[in-house]
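This report goes through one structure, moving from its loops and backbone to its cores, helices and ligand shell. Please keep the sequence and the 3D view at hand while reading.

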Amino acid sequence: MGDMPEPAPEIGQATKADIDGILQLQDTNHLDRGGLLSVRFSREWLEARLSDLPVIVARRGGRIVGYPISTSLEAQASAAIVQAMLNAYAHSKDAYIYGPVCVAADERGQGLASALFSALLARVPNRECFTFIRGDNAASLRAHTKMGMRSVASLRSAMWITSSLPTALRA
Ligand SMILES: CC(C)(COP(=O)(O)OP(=O)(O)OC[C@H]1O[C@@H](n2cnc3c(N)ncnc32)[C@H](O)[C@@H]1OP(=O)(O)O)[C@@H](O)C(=O)NCCC(=O)NCCS
């Protein structure tokens with residue numbers, strides 16, 4: 001008998017019990033450890049997000065294997081890069097920031113980022129979300145294009161701002 005395919009991870013809304021796992025995945029994927037995440041969020045900041053917008057996680061066993069952090073504009077506005085994004089893109093009034101998103105290395109390439117994004121959109125329907133992606137992050141650009149996000153502006157020439165809503169639908 002051949003190996004059974006692994007079932008997909010369970011996707012749901014994060015609770016306080018998931019914060020340790022999010023911190024662990026964030027740490028492994030930070031720029032200073034060779035990853036592609038530029039910002040490191042603290043436990044306190046992440047806990048505060050649980051009462052901001054839905055934080056979606058993918059769990060396998062006791063491990064967090066993926067998450068997109070979604071936030072109100074205010075929650076991230078103090079970061080210089082986010083301020084630059086807000087200045088560069090005329091987003092709709094009720095827009096929020098999607099991301100950063102992270103999927104564990106051993107779970108990539110199987111559509112998990114898209115599945116997490118769909119779970120988020122199901123909970124926050126009909127609102128624009130947007131993010132920035134480094135121009136050298138080919139996997140992320142590809143994953144976000146597959147999710148239906150579209151490039152709407154560029155930032156510091158090597159970053160793309162992507163939005164979930166085509167221009168015509170924006171308020
Ligand atoms: C970006 C990221 C979230 C994508 O997650 P994922 O679950 O693998 O995404 P998906 O499976 O939905 O799609 C990935 C796509 O990128 C493609 N891809 C993967 N690595 C790639 C690479 N190095 N170059 C180009 N494309 C790549 C895959 O082939 C796939 O496309 P396909 O289905 O057409 O083949 C994940 O790679 C990640 O966590 N990276 C580290 C953190 C990060 O960069 N976060 C984003 C910050 S903006």
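N126 is found in the loop between α5 and β5. The model is predicted, and in it N126 has a positive phi of about 60° although this residue is not a glycine. Is N126 buried or exposed? N126 is exposed, because 8 other C-beta atoms lie within 10 Å and a residue with 12 or fewer counts as exposed.

Another loop, between β3 and α3 (73–76), holds S72. S72 counts as partly exposed, because it has 14 C-beta neighbours inside 10 Å. Leaving out residues up to four places away in sequence, S72 touches D52, L53 and Y96. S72 and Y98 are 26 residues apart in sequence, and their C-alpha atoms are 8.9 Å apart in space.

Two further backbone details can be found in the model. The peptide bond from G99 to P100 is cis, with omega near 10°, and P100 lies in strand β4. G148, which follows α6, has a positive phi near 95°.

**Cores**

The largest nonpolar core has 26 residues, and those that touch the most other members are I22, I56, V57, Y67, A113 and L116. At least two residues of this core come from each of α1 (19–28), β2 (56–60), β3 (63–71), β4 and α5. Which element gives the most to this core? It is α5, with five residues. Y67 is in contact with I22, L25, V55, I56, V57 and C102, once its neighbours within four places in sequence are set aside. There is also a second, separate core of 12 residues, including Y98, C129, F130 and I161.

| α1 | I19, I22, L25 and Q26 | 125° |

In α1, the buried residues are I19, I22, L25 and Q26. They lie on the same side of α1, because they cover an arc of only 125° around the axis. The cover over the buried residues of α1 includes α2 (43–49), β2, β3 and β4.

**The ligand shell**

How many residues surround the ligand? There are 24, and the closest are L36, R108, A113, A138 and A139. Two or more residues of the shell come from each of β4 (96–103), α5 (112–123) and α6 (138–146). With six residues, α6 gives the most to this shell. By type, the shell around the ligand divides into 12 nonpolar, nine polar and three charged residues.

**Confidence**

The average pLDDT of the chain is 90, and 95% of the residues score at least 70. Over residues 167–171 the pLDDT is below 50, and this stretch has five contacts in the model beyond near neighbours in sequence. Where pLDDT is low, predicted coordinates should not be read in detail.

Key: Residues are numbered from 1 along each chain as its sequence is written. This is a predicted model: local features need pLDDT of at least 70, side-chain atom pairs count only at pLDDT 80 or more; totals for chains, interfaces and linings use all residues. A residue is near a molecule or strand if its C-beta atom, placed from the backbone, lies within 6 Å of it. Helices (H or I, at least four residues) and strands (E, at least two) are DSSP runs, numbered from the N terminus. Ala, Val, Leu, Ile, Met, Phe, Trp, Tyr, Cys and Pro count as nonpolar, Asp, Glu, Lys and Arg as charged, and the others, Gly among them, as polar. A nonpolar core is a set of buried Ala, Val, Leu, Ile, Met, Phe, Trp, Tyr and Cys residues joined through C-beta atoms within 7 Å. A residue is buried if 20 or more other C-beta atoms lie within 10 Å of its own, exposed if 12 or fewer, and partly exposed in between; C-beta atoms are placed from the backbone. Two residues are in contact if their C-beta atoms, placed from the backbone, lie within 7 Å. The arc is that of the directions from the helix axis to the C-beta atoms. pLDDT is the predictor's confidence in each residue, from 0 to 100.
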